[in-house]
Each structure stands twice: as structure tokens, then as C-alpha cells.
Amino acid sequence: MIHNEQNKDDDCIHDVIIIGGGPSGLFLSSLLSSYGIDSQILFDKRPEEELLKHPQAHFINLRSMEILKAEMPNVYDGIKREMPDVSEWEGFHFGGSVMGSRGRRLGRVVHPVKKPLKAGESGSAVLAPTTNDGGVHASAIPANNNDDDDDDESDKDNFISVCRPAHLAQNKFVSLLLNEAKQRHGGSGKCNLRYGEEVTAIEEIYPETQSKPIISIQTSHGQSYQTRYLIAADGVHSFARRSFGIPMMGTSTMQNLINVHFRTNPQLSDMLMRDSDQVAMLHFVYNSQLVGAFVCHDGRKGEWVLQIPFFPPYQTMDDFSADKVREMVWAGLGMDRHKASECDFDVLSIRPWTMSSLVAQSYVNKSNNLVLVGDAAHAFPPAGGFGMNTGLQDSHNLAWRLALLLHHSSNISMTKSILAKYESDRKPIATQNAALSVRNYNRTLRIAKACYLDAQHPALLTTVLGSPPMSLLPLQTRQDMFRRLVRVAMMPLASLASSKSSLHATHIERNVQSILKSGGSLPLVFPKFEIGFSYDHDVLSKKEDGSNDTQGYYPRIKVGYRLPHVVLEVRKSLFPHTHDGWSVLETTSHQAEASSDSLFVTLTDISSQLRRVLSCKAPVFTVLIVGPLIASSLTSIKESVERVTKQKNTSLVMANILGDGHDVNESIITLIDSQQVVWKLMSEEPSYTAINACNAIVIVRPDGHISSAEFVEEGNISSVVEKIISQGLESVVGDIL
């Protein structure tokens, strides 16, 4: 049973309790609210203001932006409004300092993020050739990023997504999610969003009144609560996951780092952002005083993070005191602070953290009442930006499943089936993204090696210092040895701190340029991983060798894949509120050409769109009938859909996709595919047989992925549609009768 009002009695059984109020937890809470699940509480031990301080993650990829556009348009619009201009983050810079004019510029790559990608277009970055004065040739800008490049109108329907990726600091993104969650929880959200309250104890209990075990928690405020489902969104060190003994598998310590969050004053911000050729999202800096990566979260507002390798126990936090860190930042920026008296910055925080590559052994406990999402389920190296995005997509996959479970609370077998399918969907994706993130991290090490810095050397040194006979020396002696050896190893990099030519710097520049020219730099855009992934186990079982990580995406209408972006026309006369709920195209000539009775939308996430358009609280499965229908078939199909809806107690919405020139039946939702792209995409799949077919049926899950797709022969559609729908439902949720 779903409780539609917030229970004030802490002894009641809540539908859902979420531990962790970061991006994954907040996003899940809002999604559950949209499904009418109001008996939920979110706990986070951190005060609300702490979440809004540190930037952390910052890249929101294509799939996450699509989901936000369909599910939370206010958050989506907020991201676009608040993020820096794309010209400030489309590039990665490699050199002796952030300011290219003050140090040796080794290379700059530009990523294809300014305009939507087309089918098959690679996500690889392009090396920007430099002029004699160190600037970048205008001709070096990729066609995707060139403001003056007018796309052929005939190609506008060939974009792979209605969205583009975004760059926004996590604290600002969390602020948008938090405001959304508060609105969905009735304004303040104080009853549902409990920041500053830590969950201190968790146990499974077996009440006599319940047919299955529930979970009881206690908090730092001395309160106890009970819940049908506990969601662990509390990070890589998840207390909830550890309470149930679920281990993480993989490499727990790949590299230790220090994160320095600093804010530049207006004068320094202006100086750093003045030269358009040197602005970038990431600056990889190599000089004798600092080897590190600067992340420019918002240069015009002065928001930066510096990541520095850290080698405990031979380095300690004393090596990264505020004064020492300030010297490192100045050296990395390429500025003499004594000669720039008006320029300054504030160090806001200095934090150690550990880079890992881990995936939970299981996403669900044995009783099927604890579920892991986000960093509680997986931890990746940050290279490529898949950590937060994978967590958001976990929540998107889980929310509709929980809503179905709470609608069918008496069906115990369904609980096991539907949560097992959540794990079988998301765990392989996490494993795939973890491997990709490790490959990306190794790409950054390859650049460092080109500067004659081998990551294996400090690892070997720490091993030697930790083994006999060196381990017999006092720790402080070994620490001093380590520091001296690191300083000696970095001394040759002094040649990169100056723009003046030197043999050593020239060799390094050639090494780095060779890697960047061959596409060996760290990518930012991964089309086939961002939107081309599948929940088909056979597809995911294929191992990637890393040679095609930025390979272009080709749309497919096949079971397991996300329903691709296809431009569809909606007749406004069919809906009283034309724009509410639809993912309307933003950058296309269609809107200008459209009649007042037309609206152009994307096929991607059609189930989410229809649920919002029709103001439906329950998760929606969409039944797409492709091709014209005669009146008798239409009546029969509608009866079949209604019959399955009642049998399965599940919301099914039927829509007809037609080409141009067919009569529109106003008794059914009709979407016009003027180029017949959907039919063509299905016809290209070798697994489908289109002989004598006049229609196709596609069943779309609430999360936008395809659960069933088949051609149907003429005159046979009404007799098979019910079977296809039932099979499509059971393939993703099990038997829900």
C-alpha cells in the first residue's frame, strides 16, 4: 500500500527511507514523489549547507541531461542557466602552467560539446595546432564546436539526442535538486529531508503483521523508524551497505590525492579567463613545484579545484598545509604572487581522498528490502565523469521499480524478481563504466609519462621504503628520503615553467603532441557509453579493449537499448496543455516552420513524457504501434491494452506513430514521423522480419528502454498485441499478476 500522506507517528512503516542526500539520493526522492510515494524520508548526516560548499563532480553527460529534461525540466533549465558558457569548458590544456603565456604550452584539445552530435560522429577530441605566439588557429576548432558552421538542414533530424552535455559544479547541481525535492515535498521538505541527522543503527525485523521482513533504523536524534525498503545512497563507505555485509569488489586504492578548493578574486579571475586560447575545463600542469590537475568549475566566478597526488605515509597533511598549498597553486597558475599584488585567491578547503575502482558484489540484500544506488554501489576514477552520472541513472532505473512494488505490495515473488532485474540492469553498466574510467585514468598517466614522470616510480619507491631493510629506519627518516627523491624527480620539469625554448622542454612537447595527435588524450564525450549502452546481457558481456571508447553512436530500436532520438510531430489539438510534459526540441528549424497546431518533440523517454502529459502518478509503459491502423484493428488493440492494464494493474499508454499523409484518429495519441525513421531503424535490425508486415509494435519501459519490439503481419496485429505486451512487461518486471 502506498501512503499518500506523511505519517507523523515514527512507529508506522514508511514505504521508503533513503540514506544519503547527494545527487543520487535527492534525485531518487523527487522521482518517488512524482510517483505519489509520499511516505518516504531521506537522512544525511551532513548539514545541508555542507553539501552546497564543495564542487566535487561537475560533468553531466548526455543521458543524464535527457533524463532530467524529461523528468525534472526545472532542474534541467537551471543547469543550462547556471553553467558556464561552453567555450570555457570545451577544452583540456596540457602545459607547465594554467596561463599558457607564462609556461610551456604542451597541447590543447577541444571536445565536440558545443553542438549536438550526429549519428556515427566520434566523441574524440581534436588537437588544436598553435600559432607562433602560442595561440590556437581558428581552423583547429572541430566542426561540432564552430559557431560559424551552419548545419545542413537535411541533417537536423540526424542528431543523436535532443540534449547536449553540461558542466556544472556538483554543489550547484545539488542545490537545484534540493530545491526540486523541497517543492515536491510540500515547500520546506523538513519532514522528508532530514539533513544533519545520521542513521546510527540498522536492523532487520520480522513483525507478525507483515508477510516479509522490514528494516528498522535509529538516528542520532534518538528516533527510530521502520521502512519497507531502505535505499543506500550514502557513498563509497556506505554504513547501510556494510550493515548488511555486502562487500565491494575491485581496487580500493588506485591513487591517493589532495583536493584543494580555492576561489580567485575578480582581478585574478579576469586574468585567468582573459585569453580564450587558455581557458579550459581541465588544466594538466607539470612543473618542478607542482604536478597536478586544475579543474575550472566556473572561471568567471573564480571556482577552482586543484588535485595533487598524495603518497601516505611518506607524505602527510603537513606537506599540504595552507601556506604550502598556496605556493603550489601560484606555481601551477604560472604567476609570481609578488608581481601580481592585486591578484589573490582564498583556499576554501584541503581534503584528502582515495581514488578507487569498485563495484558492489550485490545491489540488493537477501531479503530484497535494501537496495544500493550511486557511490554506495560503485566508485570510479573521476576521469570521464561517469561516477555521478551512473548514480543518477541508477536512481532513474530504480524509482519506477519501487513504485510498481509499492502498488503490488502483496506480491512477494515480484519483489525478488523486479529488484533482481534492477541489479542485472545496472551492475553490468557499473562494471563497464568502472573499466572505462580506469582506462581514462591510464590515459592521463600516459601524458605524465611523456613528461618523464612514471606513476610506477613512486609506487615502487613506497614499496621499497616499506620493506626490509629500509622499513627498519624510523618513519620520519623514510619520509625525508621520499620527499627529497620526489623533488629530484621533478627538477627537470623546471624547463616547462618558462615559455623559453629548451631541448628538454622541446622533447617533452613532441612526446605529448604525438599522444594528442593520435587521439590518446583523456576524452570527455563517449557516445556509445553514454546513450548507446544496452541492458541486453549478451551485448554487455563483450569486453572493450579501449581502442573504440569514443566511437560514434548509431541509433537502434532493439530490446535493451534506449529508444533513440527521432523527431516527432504532435498535433496540439489532441492535448489541452501543449507543452506540459513534452521534451520539446530546442535547436531545430522545425519549430519555426511549424504551424500553430504542431509541436515537435523527441521519441526518447516517451514514457516519461506521456506520464507527465497525462498527469499519471503510476509508472507508464508505452505501447507504440508503428504504421496505419484500420478502425477495426484500432478498437481491438485498445481493448487488448485495457485488458492487460487491468490484469497487470499497470499503466499502459498506447500511441500510434504514422508517416506523413495518413489520417489522424483523434481517439488515440498520434505522433507523426515524417521521415519514417522508426520503421527504417527497425528494418535495419537483422533480428526482425518485416515480410508482409504493415505494423510494428514497440513496448517502452518507464525509463525509456525497449522491452519488446516486433513486426506484425497485416491482419494479425489485433490477435498478437496482447501477447507481445504481456511478454514485454514480464521480461523487465517478472510476473506481476
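Contact here means heavy atoms within 4.5 Å. This is a predicted model: local features need pLDDT of at least 70, side-chain atom pairs count only at pLDDT 80 or more, and totals for chains, interfaces and linings use all residues. Residues are numbered from 1 along each chain as its sequence is written, and side-chain values use heavy atoms, with hydrogens and water left out.

- Leu 68 sits in helix α3, residues 62–71. Helices (H or I, at least four residues) and strands (E, at least two) are DSSP runs, numbered from the N terminus.
- Leu 68 has 1% relative accessibility, so it counts as buried. Buried means under 20% relative accessible area, exposed over 50%, and partly exposed in between (1.4 Å probe, protein chains only).
- Leaving aside neighbours within four places in sequence, Leu 68 contacts Phe 27, Ile 60, Pro 73, Val 75, Tyr 76, Ile 79 and Phe 173.
- Phe 27 is 41 residues from Leu 68 in sequence, yet their C-alpha atoms are 9.4 Å apart.

**Nonpolar cores**
- A nonpolar core is a set of buried Ala, Val, Leu, Ile, Met, Phe, Trp, Tyr and Cys residues joined through side-chain atoms within 4.5 Å.
- The largest core has 105 residues, and Ile 79 and Phe 173 have the most contacts inside it.
- Helix α9 (residues 386–407) supplies the largest share of this core, 11 residues.
- A second, separate core of 38 residues includes Tyr 286, Leu 496, Val 525 and Ile 531.
- Not counting residues up to four places away in sequence, Ile 79 touches Leu 68 and Phe 173, among others.

**Helix α9**
- Of the 22 residues of α9, 21 are buried, so the helix is largely enclosed by the rest of the structure.
- At 1.5 Å a residue, α9 should span 32 Å, and its end C-alpha atoms are 32 Å apart, which agrees. The expected span is 1.5 Å times one less than the number of residues.

**The sheet**
- Nine strands form an open, mixed sheet in the order β6-β5-β4-β13-β14-β15-β12-β16-β18. Two strands pair if DSSP finds at least two bridges between them.
- The edge strands, β6 (126–127) and β18 (378–379), each pair on one side only.
- Strands β13 (residues 282–286) and β14 (residues 291–298) pair in the antiparallel sense over five bridges.
- Phe 284 stands opposite Ala 293 in β14.

**Cysteines**
- A search of the whole structure finds zero disulfides (pairs of cysteine sulfur atoms within 2.5 Å).
- Cys 12 counts as buried at 15% relative accessibility.
- Cys 296 is buried too, with a relative accessible area of 4%.
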